[in-house]
Amino acid sequence: MSARWKPGHALRLLENGEAFFPAVFEAIAAAQREVLIETFILFEDKVGLALRDALVAAVSRGVQVDMTVDGFGSSELTPAYIASLSDAGVRLHVFDPSARRVFGMRLNLFRRMHRKLVVVDGARAFVGGINYSADHLDDFGPEAKQDYAVEVIGPVVKDIEAFVRHAMGKPGTERRWFRRRRPLDTESGATQPGPAQALFVVRDNGEHRTDIERHYRAAIRSARREVIIANAYFFPGYRLLRELRRAARRGVRVRLILQGEPDMAIVKTAAEMLYEHLLRADVKVYEYCKRPLHGKVALVDDEWCTVGSSNLDPLSLALNLEANLMVRDRDFNTQLRGRLEWLIDNGCTEVLAEPDAGSRAWRGVRSFFVFHFLRRFPAWAGWLPAHMPRLEPARRPTEPSAADDRRSVAADR
(Lines give C-alpha, C1' and ligand atoms only; values in the text may rest on other atoms or scores of the structure.)
Protein backbone atom coordinates (compact mmCIF):
# COMPACT_ATOMS: atom_id res chain seq x y z
CA MET A 1 0.00 0.00 0.00
CA SER A 2 1.35 3.37 -1.00
CA ALA A 3 1.65 6.03 1.70
CA ARG A 4 1.52 8.97 -0.69
CA TRP A 5 -1.26 10.93 -2.30
CA LYS A 6 -1.88 10.17 -5.96
CA PRO A 7 -3.55 12.42 -8.54
CA GLY A 8 -5.86 11.52 -11.38
CA HIS A 9 -9.07 10.08 -9.90
CA ALA A 10 -12.75 10.12 -10.78
CA LEU A 11 -15.04 9.78 -7.75
CA ARG A 12 -18.71 9.13 -7.15
CA LEU A 13 -20.42 9.56 -3.77
CA LEU A 14 -22.89 6.76 -3.08
CA GLU A 15 -25.49 7.40 -0.39
CA ASN A 16 -27.29 4.44 1.20
CA GLY A 17 -28.05 1.09 -0.36
CA GLU A 18 -30.23 2.63 -3.07
CA ALA A 19 -27.11 4.06 -4.73
CA PHE A 20 -24.44 1.64 -3.49
CA PHE A 21 -25.89 -1.79 -4.32
CA PRO A 22 -26.82 -1.06 -7.98
CA ALA A 23 -23.38 0.49 -8.56
CA VAL A 24 -21.56 -2.54 -7.12
CA PHE A 25 -23.79 -5.06 -8.92
CA GLU A 26 -23.32 -3.20 -12.20
CA ALA A 27 -19.55 -3.24 -11.77
CA ILE A 28 -19.60 -6.98 -11.01
CA ALA A 29 -21.78 -7.59 -14.09
CA ALA A 30 -19.18 -5.82 -16.22
CA ALA A 31 -16.18 -7.62 -14.66
CA GLN A 32 -13.93 -9.44 -17.11
CA ARG A 33 -11.13 -10.78 -14.93
CA GLU A 34 -11.49 -10.54 -11.16
CA VAL A 35 -13.75 -9.40 -8.32
CA LEU A 36 -12.40 -8.95 -4.78
CA ILE A 37 -14.76 -8.20 -1.89
CA GLU A 38 -14.31 -7.67 1.85
CA THR A 39 -17.27 -7.04 4.13
CA PHE A 40 -18.04 -7.17 7.82
CA ILE A 41 -21.69 -8.22 7.44
CA LEU A 42 -23.25 -10.40 4.77
CA PHE A 43 -26.83 -11.36 5.53
CA GLU A 44 -28.88 -13.93 3.68
CA ASP A 45 -31.64 -11.45 2.87
CA LYS A 46 -32.65 -9.93 -0.47
CA VAL A 47 -29.40 -7.97 -0.70
CA GLY A 48 -27.24 -10.97 0.17
CA LEU A 49 -29.12 -13.13 -2.32
CA ALA A 50 -28.72 -10.51 -5.04
CA LEU A 51 -24.98 -10.32 -4.32
CA ARG A 52 -24.72 -14.12 -4.53
CA ASP A 53 -26.50 -14.16 -7.88
CA ALA A 54 -24.22 -11.42 -9.24
CA LEU A 55 -21.09 -13.27 -8.13
CA VAL A 56 -22.27 -16.64 -9.45
CA ALA A 57 -23.07 -15.04 -12.80
CA ALA A 58 -19.59 -13.48 -12.89
CA VAL A 59 -17.92 -16.83 -12.21
CA SER A 60 -19.96 -18.44 -14.98
CA ARG A 61 -18.35 -15.93 -17.38
CA GLY A 62 -14.87 -16.96 -16.27
CA VAL A 63 -14.31 -14.17 -13.71
CA GLN A 64 -12.32 -15.12 -10.61
CA VAL A 65 -14.20 -14.10 -7.45
CA ASP A 66 -12.81 -13.95 -3.91
CA MET A 67 -14.90 -12.70 -1.01
CA THR A 68 -13.91 -12.34 2.64
CA VAL A 69 -16.54 -11.99 5.37
CA ASP A 70 -16.04 -11.50 9.09
CA GLY A 71 -16.68 -14.54 11.27
CA PHE A 72 -18.53 -12.47 13.87
CA GLY A 73 -20.48 -10.16 11.59
CA SER A 74 -21.52 -12.80 9.05
CA SER A 75 -22.03 -15.79 11.33
CA GLU A 76 -25.54 -16.69 10.17
CA LEU A 77 -24.94 -17.76 6.59
CA THR A 78 -26.66 -21.11 6.05
CA PRO A 79 -24.99 -24.21 4.60
CA ALA A 80 -27.16 -23.87 1.49
CA TYR A 81 -26.04 -20.29 0.88
CA ILE A 82 -22.36 -21.12 1.35
CA ALA A 83 -22.70 -24.16 -0.90
CA SER A 84 -24.36 -22.12 -3.64
CA LEU A 85 -21.29 -19.87 -3.71
CA SER A 86 -18.57 -22.50 -3.38
CA ASP A 87 -20.21 -24.94 -5.82
CA ALA A 88 -20.32 -22.17 -8.43
CA GLY A 89 -16.61 -21.42 -7.93
CA VAL A 90 -16.73 -18.36 -5.66
CA ARG A 91 -13.88 -18.54 -3.15
CA LEU A 92 -15.43 -17.51 0.17
CA HIS A 93 -13.04 -16.77 3.04
CA VAL A 94 -13.98 -16.23 6.68
CA PHE A 95 -11.95 -13.94 8.93
CA ASP A 96 -11.63 -15.49 12.39
CA PRO A 97 -14.44 -18.06 12.08
CA SER A 98 -14.35 -19.14 15.74
CA ALA A 99 -17.78 -20.14 17.01
CA ARG A 100 -16.78 -21.01 20.58
CA ARG A 101 -19.09 -19.68 23.24
CA VAL A 102 -18.79 -19.13 26.98
CA PHE A 103 -22.08 -18.71 28.82
CA GLY A 104 -23.78 -18.21 25.47
CA MET A 105 -21.45 -15.43 24.33
CA ARG A 106 -19.11 -15.66 21.36
CA LEU A 107 -15.44 -15.10 22.14
CA ASN A 108 -14.41 -13.65 18.78
CA LEU A 109 -15.80 -10.20 19.57
CA PHE A 110 -12.63 -8.12 19.44
CA ARG A 111 -10.32 -7.25 16.55
CA ARG A 112 -12.92 -7.67 13.84
CA MET A 113 -12.37 -7.36 10.08
CA HIS A 114 -14.62 -4.32 9.73
CA ARG A 115 -13.54 -3.17 6.24
CA LYS A 116 -16.00 -2.80 3.33
CA LEU A 117 -14.06 -2.95 0.06
CA VAL A 118 -14.74 -4.00 -3.52
CA VAL A 119 -12.21 -4.11 -6.36
CA VAL A 120 -13.22 -5.02 -9.92
CA ASP A 121 -10.57 -5.87 -12.53
CA GLY A 122 -8.05 -3.69 -10.72
CA ALA A 123 -9.69 -0.68 -12.33
CA ARG A 124 -12.65 0.28 -10.15
CA ALA A 125 -13.02 0.19 -6.37
CA PHE A 126 -15.62 0.91 -3.71
CA VAL A 127 -14.75 2.02 -0.17
CA GLY A 128 -17.23 2.86 2.57
CA GLY A 129 -19.34 1.75 5.50
CA ILE A 130 -22.21 -0.10 3.80
CA ASN A 131 -22.64 -3.81 4.50
CA TYR A 132 -24.54 -6.30 2.34
CA SER A 133 -27.81 -6.32 4.22
CA ALA A 134 -31.33 -5.07 3.58
CA ASP A 135 -31.20 -2.68 6.53
CA HIS A 136 -29.27 -0.28 4.30
CA LEU A 137 -32.37 0.18 2.11
CA ASP A 138 -35.12 2.70 2.77
CA ASP A 139 -37.89 0.11 2.46
CA PHE A 140 -36.46 -1.67 5.52
CA GLY A 141 -38.41 0.87 7.57
CA PRO A 142 -37.54 3.18 10.48
CA GLU A 143 -34.44 1.12 11.31
CA ALA A 144 -32.93 1.57 7.83
CA LYS A 145 -29.39 2.93 8.15
CA GLN A 146 -28.05 6.22 6.79
CA ASP A 147 -24.64 5.57 5.28
CA TYR A 148 -22.10 6.44 2.57
CA ALA A 149 -19.54 4.90 0.21
CA VAL A 150 -17.36 6.16 -2.62
CA GLU A 151 -16.65 4.67 -6.03
CA VAL A 152 -13.15 5.48 -7.28
CA ILE A 153 -11.40 5.04 -10.62
CA GLY A 154 -7.70 5.88 -10.89
CA PRO A 155 -4.24 4.88 -9.66
CA VAL A 156 -5.22 4.35 -6.01
CA VAL A 157 -7.33 1.36 -7.13
CA LYS A 158 -4.07 -0.55 -7.65
CA ASP A 159 -3.15 0.19 -4.03
CA ILE A 160 -6.52 -1.11 -2.83
CA GLU A 161 -6.25 -4.19 -5.04
CA ALA A 162 -2.75 -5.00 -3.78
CA PHE A 163 -3.90 -4.56 -0.19
CA VAL A 164 -6.93 -6.84 -0.55
CA ARG A 165 -4.96 -9.50 -2.42
CA HIS A 166 -2.32 -9.46 0.32
CA ALA A 167 -4.98 -9.66 3.04
CA MET A 168 -6.46 -12.71 1.31
CA GLY A 169 -3.04 -14.31 0.97
CA LYS A 170 -3.30 -14.22 -2.79
CA PRO A 171 -0.18 -14.24 -5.02
CA GLY A 172 0.78 -11.34 -7.22
CA THR A 173 1.58 -8.74 -4.58
CA GLU A 174 5.25 -9.58 -3.93
CA ARG A 175 7.87 -7.01 -4.87
CA ARG A 176 11.03 -8.36 -6.53
CA TRP A 177 14.17 -6.25 -6.33
CA PHE A 178 15.19 -7.24 -9.84
CA ARG A 179 11.90 -6.22 -11.44
CA ARG A 180 11.73 -2.84 -13.00
CA ARG A 181 8.88 -0.82 -11.57
CA ARG A 182 6.66 0.43 -14.37
CA PRO A 183 5.10 3.86 -13.87
CA LEU A 184 1.36 4.16 -13.53
CA ASP A 185 -0.51 5.59 -16.49
CA THR A 186 -1.21 8.84 -14.68
CA GLU A 187 2.48 9.27 -14.02
CA SER A 188 3.47 8.66 -17.65
CA GLY A 189 1.24 11.35 -19.07
CA ALA A 190 -1.75 9.21 -20.07
CA THR A 191 -5.27 10.58 -19.80
CA GLN A 192 -6.41 10.74 -16.19
CA PRO A 193 -9.91 9.61 -15.15
CA GLY A 194 -10.40 12.78 -13.10
CA PRO A 195 -8.71 15.56 -11.15
CA ALA A 196 -9.04 14.26 -7.58
CA GLN A 197 -6.13 13.25 -5.37
CA ALA A 198 -6.68 10.11 -3.29
CA LEU A 199 -4.94 8.14 -0.55
CA PHE A 200 -5.95 4.69 0.74
CA VAL A 201 -5.42 4.38 4.50
CA VAL A 202 -5.95 1.36 6.76
CA ARG A 203 -5.89 0.64 10.48
CA ASP A 204 -4.55 -2.70 11.65
CA ASN A 205 -2.99 -4.19 14.75
CA GLY A 206 0.52 -4.18 13.30
CA GLU A 207 2.29 -1.29 11.56
CA HIS A 208 -0.76 0.92 10.98
CA ARG A 209 -2.44 1.09 14.37
CA THR A 210 -3.22 4.81 14.32
CA ASP A 211 -3.01 5.80 10.65
CA ILE A 212 -6.68 6.72 10.14
CA GLU A 213 -6.87 8.70 13.37
CA ARG A 214 -3.63 10.54 12.53
CA HIS A 215 -5.07 11.65 9.18
CA TYR A 216 -8.19 12.92 10.95
CA ARG A 217 -6.12 14.88 13.45
CA ALA A 218 -3.83 16.35 10.81
CA ALA A 219 -6.80 17.47 8.71
CA ILE A 220 -8.51 19.08 11.71
CA ARG A 221 -5.28 20.88 12.65
CA SER A 222 -5.09 22.31 9.14
CA ALA A 223 -8.71 23.56 9.18
CA ARG A 224 -9.18 27.28 8.70
CA ARG A 225 -12.88 27.56 8.04
CA GLU A 226 -14.93 24.40 8.53
CA VAL A 227 -15.01 20.85 9.87
CA ILE A 228 -18.00 18.52 9.47
CA ILE A 229 -17.91 14.99 10.86
CA ALA A 230 -20.78 12.52 10.52
CA ASN A 231 -19.99 9.42 12.54
CA ALA A 232 -22.21 6.70 13.91
CA TYR A 233 -20.18 5.67 16.95
CA PHE A 234 -18.50 8.73 18.40
CA PHE A 235 -16.26 8.19 21.40
CA PRO A 236 -12.84 9.18 20.08
CA GLY A 237 -9.44 9.45 21.67
CA TYR A 238 -8.35 12.35 23.83
CA ARG A 239 -6.08 13.85 21.17
CA LEU A 240 -8.78 13.94 18.50
CA LEU A 241 -11.18 15.64 20.92
CA ARG A 242 -8.48 18.16 21.75
CA GLU A 243 -7.99 18.99 18.06
CA LEU A 244 -11.73 19.54 17.61
CA ARG A 245 -11.85 21.92 20.58
CA ARG A 246 -8.77 23.81 19.45
CA ALA A 247 -10.19 24.20 15.94
CA ALA A 248 -13.46 25.61 17.27
CA ARG A 249 -11.64 28.02 19.58
CA ARG A 250 -9.58 29.47 16.73
CA GLY A 251 -12.76 30.27 14.83
CA VAL A 252 -13.30 27.15 12.70
CA ARG A 253 -16.95 26.16 12.33
CA VAL A 254 -16.95 22.62 13.75
CA ARG A 255 -20.12 20.55 13.32
CA LEU A 256 -20.65 16.97 14.47
CA ILE A 257 -23.54 14.82 13.21
CA LEU A 258 -24.12 11.92 15.61
CA GLN A 259 -26.81 9.36 16.27
CA GLY A 260 -30.08 10.61 17.71
CA GLU A 261 -31.94 7.34 17.10
CA PRO A 262 -29.13 4.88 17.85
CA ASP A 263 -29.22 1.19 17.02
CA MET A 264 -27.72 0.63 20.49
CA ALA A 265 -28.65 2.79 23.47
CA ILE A 266 -25.10 2.79 24.82
CA VAL A 267 -23.92 4.58 21.65
CA LYS A 268 -25.88 7.71 22.47
CA THR A 269 -25.06 7.47 26.17
CA ALA A 270 -21.34 7.39 25.43
CA ALA A 271 -21.50 10.34 23.03
CA GLU A 272 -23.60 12.40 25.46
CA MET A 273 -20.83 12.11 28.03
CA LEU A 274 -18.71 14.27 25.71
CA TYR A 275 -21.29 16.91 24.83
CA GLU A 276 -20.59 19.39 27.61
CA HIS A 277 -16.87 19.35 26.96
CA LEU A 278 -17.42 19.94 23.23
CA LEU A 279 -20.17 22.54 23.57
CA ARG A 280 -18.06 24.65 25.94
CA ALA A 281 -15.51 24.99 23.14
CA ASP A 282 -18.22 26.07 20.65
CA VAL A 283 -18.32 22.76 18.78
CA LYS A 284 -21.81 22.35 17.31
CA VAL A 285 -23.42 18.95 17.91
CA TYR A 286 -26.40 17.66 15.93
CA GLU A 287 -28.27 14.41 16.49
CA TYR A 288 -29.71 12.75 13.41
CA CYS A 289 -33.14 11.54 14.44
CA LYS A 290 -34.85 10.17 11.32
CA ARG A 291 -33.19 6.76 11.42
CA PRO A 292 -29.96 5.17 12.69
CA LEU A 293 -26.87 6.95 11.41
CA HIS A 294 -24.25 4.47 10.21
CA GLY A 295 -21.97 6.83 8.24
CA LYS A 296 -18.27 7.36 8.75
CA VAL A 297 -17.45 10.49 6.73
CA ALA A 298 -15.82 13.87 7.33
CA LEU A 299 -14.70 16.99 5.48
CA VAL A 300 -12.38 19.91 6.21
CA ASP A 301 -12.56 23.28 4.43
CA ASP A 302 -12.95 23.12 0.65
CA GLU A 303 -10.96 20.07 -0.41
CA TRP A 304 -10.12 17.38 2.18
CA CYS A 305 -12.64 14.65 3.02
CA THR A 306 -12.78 10.97 3.90
CA VAL A 307 -15.23 8.11 3.40
CA GLY A 308 -14.70 4.69 4.91
CA SER A 309 -15.47 2.03 7.49
CA SER A 310 -13.81 3.55 10.55
CA ASN A 311 -15.95 4.88 13.33
CA LEU A 312 -14.47 7.28 15.86
CA ASP A 313 -14.79 4.96 18.82
CA PRO A 314 -12.47 2.62 20.74
CA LEU A 315 -13.33 -0.44 18.64
CA SER A 316 -12.48 1.20 15.32
CA LEU A 317 -9.56 3.29 16.58
CA ALA A 318 -7.81 0.63 18.65
CA LEU A 319 -9.07 -2.86 17.75
CA ASN A 320 -10.87 -3.39 14.43
CA LEU A 321 -9.33 -3.64 10.98
CA GLU A 322 -10.56 -0.59 9.03
CA ALA A 323 -10.12 1.14 5.67
CA ASN A 324 -10.82 4.73 4.57
CA LEU A 325 -10.27 6.64 1.36
CA MET A 326 -8.85 10.13 1.88
CA VAL A 327 -9.72 12.61 -0.87
CA ARG A 328 -8.52 16.05 -1.93
CA ASP A 329 -10.99 17.42 -4.45
CA ARG A 330 -13.10 20.57 -4.38
CA ASP A 331 -16.03 19.14 -6.38
CA PHE A 332 -16.33 15.95 -4.34
CA ASN A 333 -15.98 17.94 -1.13
CA THR A 334 -18.79 20.27 -2.26
CA GLN A 335 -21.02 17.30 -3.04
CA LEU A 336 -20.41 15.66 0.33
CA ARG A 337 -20.95 18.97 2.16
CA GLY A 338 -24.29 19.41 0.38
CA ARG A 339 -25.49 15.98 1.47
CA LEU A 340 -24.37 16.48 5.08
CA GLU A 341 -25.94 19.95 5.30
CA TRP A 342 -29.13 18.48 3.89
CA LEU A 343 -28.97 15.92 6.71
CA ILE A 344 -28.57 18.71 9.30
CA ASP A 345 -31.42 20.76 7.85
CA ASN A 346 -33.86 17.89 7.32
CA GLY A 347 -33.27 15.31 10.01
CA CYS A 348 -31.20 16.69 12.87
CA THR A 349 -31.80 18.32 16.22
CA GLU A 350 -29.10 20.60 17.57
CA VAL A 351 -27.82 19.76 21.04
CA LEU A 352 -27.77 22.85 23.27
CA ALA A 353 -25.76 23.45 26.41
CA GLU A 354 -27.49 22.53 29.64
CA PRO A 355 -28.55 25.78 31.34
CA ASP A 356 -28.87 24.31 34.82
CA ALA A 357 -25.68 24.93 36.79
CA GLY A 358 -26.03 21.72 38.81
CA SER A 359 -26.39 19.58 35.70
CA ARG A 360 -23.44 21.33 34.11
CA ALA A 361 -21.28 20.67 37.15
CA TRP A 362 -22.20 16.98 37.14
CA ARG A 363 -21.46 16.76 33.41
CA GLY A 364 -18.10 18.38 34.02
CA VAL A 365 -17.16 15.83 36.70
CA ARG A 366 -18.30 12.98 34.50
CA SER A 367 -16.38 14.36 31.54
CA PHE A 368 -13.20 14.55 33.63
CA PHE A 369 -13.21 10.80 34.20
CA VAL A 370 -14.25 10.07 30.62
CA PHE A 371 -11.35 12.05 29.18
CA HIS A 372 -8.81 10.37 31.42
CA PHE A 373 -10.20 7.03 30.28
CA LEU A 374 -9.91 8.10 26.65
CA ARG A 375 -6.39 9.41 27.13
CA ARG A 376 -5.22 5.96 28.28
CA PHE A 377 -7.50 3.70 26.24
CA PRO A 378 -5.02 2.82 23.45
CA ALA A 379 -2.66 1.32 26.01
CA TRP A 380 -5.45 -0.49 27.83
CA ALA A 381 -6.76 -1.94 24.57
CA GLY A 382 -3.66 -4.11 24.45
CA TRP A 383 -4.98 -6.02 27.45
CA LEU A 384 -7.98 -7.24 25.49
CA PRO A 385 -7.84 -10.66 23.78
CA ALA A 386 -5.09 -10.47 21.18
CA HIS A 387 -5.51 -13.83 19.47
CA MET A 388 -4.15 -14.09 15.95
CA PRO A 389 -7.25 -14.02 13.72
CA ARG A 390 -7.10 -16.49 10.87
CA LEU A 391 -8.52 -16.50 7.38
CA GLU A 392 -10.08 -19.82 6.38
CA PRO A 393 -12.17 -21.13 3.49
CA ALA A 394 -15.85 -21.07 4.38
CA ARG A 395 -17.17 -24.34 5.75
CA ARG A 396 -20.75 -25.45 6.12
CA PRO A 397 -21.87 -24.55 9.66
CA THR A 398 -22.61 -27.53 11.85
CA GLU A 399 -25.36 -25.77 13.72
CA PRO A 400 -27.29 -22.54 13.24
CA SER A 401 -26.58 -19.44 15.31
CA ALA A 402 -29.08 -18.18 17.84
CA ALA A 403 -31.70 -15.85 16.39
CA ASP A 404 -30.81 -13.07 18.76
CA ASP A 405 -27.19 -13.05 17.50
CA ARG A 406 -28.33 -11.53 14.25
CA ARG A 407 -30.00 -8.65 16.03
CA SER A 408 -26.90 -8.02 18.14
CA VAL A 409 -24.58 -8.08 15.13
CA ALA A 410 -26.85 -5.80 13.11
CA ALA A 411 -26.89 -3.34 15.99
CA ASP A 412 -23.13 -3.60 16.53
CA ARG A 413 -22.29 -2.16 13.12
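In the predicted model, Glu303 and Arg330 form a salt bridge in which the closest N and O atoms are 3.7 Å apart. Because Glu303 lies in the loop between β14 and β15 whereas Arg330 belongs to helix α9 (residues 330–347), the pair ties together parts that are 27 residues apart in sequence. Both partners count as partly exposed, Glu303 at 37% relative accessibility and Arg330 at 45%. Salt bridges that share partners place these two residues in one network, together with Arg225, Glu226, Arg255, Asp302, Arg337 and Glu341.

Within this network, the side chains of Arg225 and Asp302 meet in a salt bridge with an N to O distance of 2.4 Å. Arg225 lies in the loop between α5 (211–222) and β11 (226–231), and Asp302 in the loop between β14 (296–300) and β15 (304–308), so that this contact ties together parts 77 residues apart in sequence. Arg225 is partly exposed, with a relative accessible area of 41%, and Asp302 is likewise partly exposed, at 27%.

The structure holds 28 salt bridges. Among them is the pair formed by Glu34 and Arg33, with the closest N and O atoms 3.5 Å apart; here Glu34 is buried, at 4% relative accessibility, while Arg33 is partly exposed, at 41%.

Strand β13 (residues 284–288) is largely enclosed by the rest of the structure, because four of its five residues are buried. Five bridges join β13 to strand β12 (residues 253–259) in a parallel arrangement, with Ile257 standing opposite Tyr286 of β13. Strand β13 is also joined to strand β17 (residues 348–351), by four bridges and in an antiparallel arrangement, and in this pairing Glu287 stands opposite Thr349 of β17.

How values were computed
Residues numbered from 1 in each chain as written. Predicted model: local features only at pLDDT ≥ 70, side-chain atom pairs only at ≥ 80, totals over all residues. Heavy atoms only, no water. Buried < 20%, exposed > 50% of the residue type's maximum accessible area, 1.4 Å probe, protein only. Helix = DSSP H or I, 4+ residues; strand = E, 2+ residues; numbered from the N terminus. Pairing = 2+ DSSP bridges. Salt bridge = Lys/Arg side-chain N within 4 Å of Asp/Glu carboxyl O.
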